[in-house]
Amino acid sequence: MIEKGAFMSNQILAHALERMGVAEYNVSGSPLSKAYWSVTQIIARTGWTTLEQTPEIAVVLGSGLGGFEKRLHSQFEIPFHDVGLPAPGIPGHSGRLCIGTLSGHRVAVLAGRVHYYEGHDFETVCRATRVMALLGVPTLLLSNAAGGINPDFAVGDLMLIRDHLNLMGDNPLRGPNPGNLGPRFPDMTTAWTPAIRQVFKEQAARLGLTLKEGVYAANCGPTYETPAEVRMLKAIGADAVGMSTAPEAIAARHAGMRVGGVSVVTNAAAGTGASELSHEEVKEVGAAAGVKLGDLFEAVIADGKW
Ligand code: HPA
């Protein structure tokens, strides 16, 4: 537990309160009060007191892409539940916050994410992202499984996310604009940080990995698309489609984080391939691509210049 008086002397909590735009005694009135609670619990677990100790990069692992956290020289492994982060409700998402170092950088891996289709609101879906922002983490790297729409994509390909289409029918920033986290009307021209994309391309080339690039369309799910919906998505400029990622990217950009991400093409989108879609296939292909995705993320983190 945090000792009395720690709020005044802990630089991370002071930073979080400053970003939230509230005094400590007013936290309960903030839309970020649950995120702040998670920050206090993470601090209680880690003993962090200064922003130099918090991670430089946070990584979100998507469906079936678990295992990346094993690459960390681990310092802390904390079940989401223990620090007030929502636990994923579907198989293949384990729900642990793993903190350690990788190639000399301080990294937090969010092993598992919660999805809008599980019935959570956007505050819950984006809470882990905002906890990272409140901890002062400047960069968020996202991964996901997606259906390939672009005819140049094959199952197992990696797609660097150049941009997204938020088709979830809502926006995580709807509602009161929390404190000093970011502007009311955030610019999304560079939602996906160009300098991070450049590093992804350079490191993929260095590793000899083929890295496609494209636009990720976020549907709310949980159904996969109909073939007609996939034709529509293609017509409006989507290269791949999934059920996550856009909310976190929006919340992170709003909070001033730099954002990068990769989709694993786990299947041909509905109506464009030979077979029907299944979560088993998505997990299998995701796991098989996990090694090359892990190599790529590790190389990008090692570079770390954006
Ligand atoms: N559609 C939506 N989400 C997905 C898909 C898909 O085809 N594959 C993996 N996640």
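**A conversation about the ligand shell and the fold**

Visitor: Which strands each supply at least two residues of the shell around the ligand?
Guide: They are strand S5 (139-148), strand S8 (240-242) and strand S9 (258-268). Strands (E, at least two residues) and helices (H or I, at least four) are DSSP runs, numbered from the N terminus. Please note that this is a predicted model, in which local features need pLDDT of at least 70, side-chain atom pairs count only at pLDDT 80 or more, and totals for chains, interfaces and linings use all residues. Residues are numbered from 1 along each chain as its sequence is written.

Visitor: Which strand gives the most to that shell?
Guide: Strand S5 does, with three residues.

Visitor: And how many residues surround the ligand?
Guide: There are 13, and the closest are Ala145, Gly147, Val241, Gly242 and Val282. A residue is near a molecule if its C-beta atom, placed from the backbone, lies within 6 Å of it.

Visitor: New topic: where is Glu24 found?
Guide: Glu24 lies in the loop between helix H2 (11-20) and helix H3 (33-46). Its C-alpha atom is separated by 8.7 Å from that of Ala14, 10 residues apart along the chain.

Visitor: Why is Glu24 partly exposed?
Guide: Glu24 is partly exposed because 13 other C-beta atoms lie within 10 Å. A residue is buried if 20 or more other C-beta atoms, placed from the backbone, lie within 10 Å of its own, exposed if 12 or fewer, and partly exposed in between.

Visitor: What about the protein as a whole, how much counts as buried?
Guide: Of its 306 residues, 47% count as buried. The secondary structure comes to nine helices and nine strands.
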